[in-house]
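Subject: Structure for your review

Dear colleague,

I am handing over the structure we spoke about, with the sequence alongside it. Please look through it first, and then read the notes below on what was found.

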Amino acid sequence: MNQKQLHNVPEGYFENLQTRLSAIPQQHSAVTPWVRMRPYLAMAAAFAAMVVGGTALLRSTARPASVLSDEALYSYAQLIPRTDPYMIYDENAQAEESYSEEDIINYLIETGVSLELLAYEADY
């Protein structure tokens with residue numbers, strides 16, 4: 001195999017290499033307090049920007065409770081049972097709940113169901 005030499009080194013290059021390298025001024029990298037604190041300051045600035053941005057987003061999208069009408073607040077309050085708030089998540093407790101005949105009669109009276117309608121339904 002015939003190999004060609006692709007790169008040539010000038011003559012005397014390695015002889016005075018040490019003197020040329022010592023002529024290059026050495027850069028001393030002094031670690032100042034500012035260099036040490038820069039990453040922490042950048043991280044604190046990023047967190048502060050996230051807090052300010054999140055607060056601005058929440059203030060622009062959230063409605064205060066005073067904007068809601070009394071009827072809306074009352075309907076929201078009725079969503080949670082007063083006796084046991086965990087009944088919302090427990091399907092078995094709601095399925096086992098039974099109503100007495102007196103409860104049904106009171107419900108029909110409150111809703112204003114007429115006696116004619118009850119008599120009509122009782123025939124079927």
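A helix here is a DSSP run of H or I with at least four residues, and a strand is a run of E with at least two, both being numbered from the N terminus. On that basis the protein chain comes to six helices and zero strands, and its elements, read from the N terminus on, follow the order α-α-α-α-α-α. Please bear in mind that this is a predicted model, and that the values below are computed from it.

As for the surface, the protein chain exposes about 12500 Å², of which carbon and sulfur atoms supply 59%. Buried residues account for 1% of the 124 residues in the protein chain, where buried means a relative accessible area under 20%.

Helix α2 covers residues 33–61, and its 29 residues reach 42 Å from the first C-alpha to the last, which is close to the 42 Å expected at 1.5 Å a residue.

A nonpolar surface patch of about 960 Å² is formed by V31, W34, V35, M37, Y40, L41, M43, F47 and M50. Of these, M50 is placed in helix α2, and M50 counts as exposed because its relative accessible area is 53%, the cut-off for exposed being over 50%.

Which aromatic pairs does a search of the whole structure find? The search returns one aromatic pair. It is made by Y13 and F14, whose ring centres are 5.2 Å apart and whose planes stand at 85°, so the pair is classed as edge-to-face. The two partners fall into separate accessibility classes, since Y13, with a relative accessible area of 35%, is partly exposed, whereas F14, at 62% relative accessibility, is exposed.

Terms used. Residues are numbered from 1 along each chain as its sequence is written. This is a predicted model: local features need pLDDT of at least 70, side-chain atom pairs count only at pLDDT 80 or more; totals for chains, interfaces and linings use all residues. Side-chain values use heavy atoms; hydrogens and water are left out. Patches are made of residues with over 30% relative accessible area and no salt bridge: like charges are joined within 9 Å, nonpolar side chains (Val, Leu, Ile, Met, Phe, Trp, Tyr) within 5 Å. Accessible areas come from the Shrake-Rupley method with a 1.4 Å probe; for residues, only the protein chains shown count as cover. A salt bridge is a side-chain nitrogen of Lys or Arg within 4 Å of a carboxyl oxygen of Asp or Glu. Buried means under 20% relative accessible area, exposed over 50%, partly exposed in between (1.4 Å probe, protein chains only). Rings of Phe, Tyr and Trp (its six-membered ring) pair if their centres lie within 6.5 Å; planes under 30 degrees apart count as stacked, over 60 as edge-to-face and the rest as tilted. The expected span of a helix is 1.5 Å times one less than its number of residues.
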